[in-house]
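Reader: I would like to go through this structure with you. Could we begin with how its helices pack?

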Amino acid sequence: MRIACLGGGPAGLYFAISMKLRDPGHDVHVFERNRPDDTFGWGVVFSDQTVDNLMQNDAVSGAVIRDEFAHWDDIDVHIHGEVIRSSGHGFIGIGRKRLLNILQERARALGVILHFEHEASPELDDWADWDLVIAADGANSRIRTRYEEHFGVDIQVRRNKFFWFGTHKTFEAFTFAFEQLPEGWVWAHAYRFDDDLSTFIVEMEPETWAALGFDRMEQPEAIALCERIFAKYLDGNALMSNAAHLRGPEAWLNFRRIICDRWHYRNLILLGDAAHTAHFSIGSGTKLALEDAIKLAEVLNRPGLSREAALEEYREERNLEVLKLQNSARNSTEWFETLDRYLHFEPIQFAYSLLTRSQRVSHENLRLRDRSWLEGVERWFQSRARGHSVNDPAPPMFAPFKLRGMELANRVVVSPMATYSAVDGCPQDFHLVHYGTRAQGGAGLLYTEMTCVSAEGRITPGCAGMYAPEHGVRWKRIVDFVHASTPAKFCLQLGHSGPKGSTKVGWEGYDVPLDSGNWPVMAASDVPWSPDNQVPRPMTRADMDRVRDEFVAAVRMGLECGFDMIELHAAHGYLLSSFITPLHNKRTDEYGGGLENRLRYPLEVFRAMRAAWPADRPMSVRISANDWMGDLGVTPDEAVEIGRAFTEAGADLIDVSAGQTWADCKPIYGRMFQTPFADQIRNEGRVTTMAVGNIYEPDHVNSILAAGRADLVALARPHLIDPSWTLRAAAAQDYREQWVPPPYLGGMAQLARNLKREQEMLKA
């Protein structure tokens, strides 16, 4: 094949090498607009896995690259006058210019024709004589831009400003340095990539950038100011720019996240940054480009595979890897863009939050990297939780927590889960076994399912209630068993179905109206949950008074039953949620319009409940922090205000869920996908939060807690399949202070031994 690679960076060069390795008969040319030694980056960071991939693809260039890598294990985080160092991270780096030189030499040796100072045409008609044209000309690809309508290009410009410097100061560790100035915070990402050279990236929010005057400075003045800001880290060494061709402000960049739905058009194929980008804070851009090149060369040379099938496989396989890294990169990028959330943390927690920001590094992963450092984090967390110095490390999930007069033995919560097993609102023996078993499973706090404050407030005929005397009798029996048999605390979640009421039980169809016997429903406005559901009656003031009083009556019944805590359900499109979300609330009176008005009635209900509940017992509120409908619905920023409003009204905990408020919403699912909302509400609103949503491993729980992303962690489905989830987690982590039902002590000990034996076998 006759192949033109447009772009002489690592992507284009390595693809050319990979093609010639597989078939020396390919006629491969690389066209680069710059000179051979021009480069606009400094160091490149790789992982050991990337090096293995290079060695398997081309041992010759791989060995040269491997032998010239700079290696380091430590990360230093400088914050608030302290330096937090952790080890075992295993970074390797090489100068970008040296990497290009190695690849250029290898390409020439294999017969690749290199054309430098050659401005390649972005018109495909000018390349009609070539079998393939590879767009490897980076994030600003001219040829991709020329045909972007064929690629489904999505470009998101991130908000922070950064400048990519080099310096002769050689850093022993990968260094994050955070400096507070009167104009705002400025920070650096620095790492060595040669014997006497380091990358030094300066980053800040755009407001700080403008306040410092960088928008008006030429490069020499900007460099001089950065040198003064970071003088104590540079030890007299200068900062160097390789973007001298740009005017001062233009040398500062905003990262551009690029996604393409399609990666080829006619004989044009996208490669590396032309197809996708990942933020520099996770250092994977060059890795992705090289692995793209390997895969593309492999499929194009596989016998019997058509060109179309080859390109489809290339895109599908590589796009999956790209999306994984882009998700991690998004988390990392957002951490730096919302740095103000975490600056009140103590240095050790700030460093932990930074290290785990992308979710690629977890609690147990840190234990593998640097056990002693992680145990220091655990001791710090336990000491803060217990109010005194702790010598023995223990997982954060087993730290106690106090809400008013209620003390929890650990931070694990059995989330509220509808069981649809009540009869006329009455809990049955099923509920006694269901809740009793999970209370014996070791969690610190247990929630009831949403318990309805009236018959018409039920979601389904199988929903539990707290509105008739017999309900209180049945609930008290369950509460008494939990208190007599376990140290778990028990929370009663109260709610009203509103527009989502009068539907079938879950396993017959979620939110599907009953075939017969429907009862009328009401909501803030006459907006149905879906076209198939009833049109609700807009609530009158008399309705509002009656429902408020029903909530208060249910609270009083809950007190008589002995519940330790009450939660108000104001999420998921139910009655109170229908007031909060503008998607459902179309009122024109004092209860509609802006957020303050939309919150007026839910806060009225909550305050009335709070007044009926003892001052020494806590209350929480479940909210939907994101309607997943963009600015049309509740946004995470608005959820911060919602959390603050309920906290000011007396809530001790915000139970942060999301979605289920609009039938056509488009949630973005994933591991711990709702935790960022709990993080934002906690650390911007400075309120106590509980994280929920696809959390299923002890590692998830510990990471969330230690990073300060939430104060409690609720798990639903894991507790459905394994009522003793917490006991199993304690055994797996060799935590021996966890309460165990006395009859089960022998089984717990055997489980711990079995798990320890399995871990030893895995290590062997």
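Reader: Which residues of helix 2 meet helix 9?
Author: Thr50, Asn53, Leu54 and Asn57 of helix 2 meet Lys287, Leu290, Glu291 and Ile294 of helix 9. Contact here means heavy atoms within 4.5 Å. Helices (H or I, at least four residues) and strands (E, at least two) are DSSP runs, numbered from the N terminus. This is a predicted model, in which local features need pLDDT of at least 70 and side-chain atom pairs count only at pLDDT 80 or more, while totals for chains, interfaces and linings use all residues. Residues are numbered from 1 along each chain as its sequence is written, and side-chain values use heavy atoms, with hydrogens and water left out.

Reader: At what angle do helix 2 and helix 9 pack?
Author: Helix 2 (residues 48-57) and helix 9 pack at about 30°, and their axes are 11 Å apart. Axes are lines fitted to C-alpha atoms, for helices over the stretch in contact, and angles run from 0 to 180 degrees between N-to-C directions. The angle therefore makes helix 2 roughly parallel to helix 9. Angles under 35 degrees count as roughly parallel, over 145 as roughly antiparallel, 65 to 115 as roughly perpendicular and the rest as oblique.

Reader: Is the crossing of helix 2 and helix 9 left-handed or right-handed?
Author: Helix 2 passes helix 9 in a left-handed crossing. A crossing is left-handed if the near helix is turned anticlockwise from the far one by less than a right angle, and right-handed if clockwise.

Reader: And how do helix 9 and helix 10 cross?
Author: The axes of helix 9 (residues 285-300) and helix 10 come within 9 Å and cross at roughly 160°, which means that helix 9 is roughly antiparallel to helix 10. Their crossing is right-handed. The contact residues include Leu288, Leu296 and Val299 of helix 9 and Ala310, Leu311 and Val322 of helix 10. By class, there are 9 nonpolar, no polar and 9 charged residues in this contact.

Reader: Changing topic: in what order do the strands of the 6-strand sheet lie?
Author: The order is 8-2-1-9-17-16, in an open sheet with mixed pairing. Two strands pair if DSSP finds at least two bridges between them. Strand 8 (113-115) and strand 16 (264-265) are the edge strands, each pairing on one side only. Strand 2 (residues 27-31) pairs with strand 8 in the parallel sense over 3 bridges, and His29 has Ile113 of strand 8 as its bridge partner.

Reader: Which strands does helix 1 lie across?
Author: Helix 1 (residues 10-22) lies across strand 1 (2-6), strand 2, strand 8 and strand 9 (132-135), and runs at about 170° to strand 2. Helix 10 (residues 307-337) also packs on the sheet, touching strand 9, strand 16 and strand 17 (268-270).

Reader: What about the 3-strand sheet, which order does that have?
Author: That open sheet has the order 3-7-4 and antiparallel pairing. Its edge strands are strand 3 (43-46) and strand 4 (70-72). Strand 3 is joined to strand 7 (residues 91-95) by 4 bridges, and Val44 stands opposite Ile94 in strand 7.

Reader: Finally, how many helices and strands are in the chain?
Author: The chain has 25 helices and 30 strands.

Methods: Nonpolar A, V, L, I, M, F, W, Y, C, P; charged D, E, K, R; others polar.
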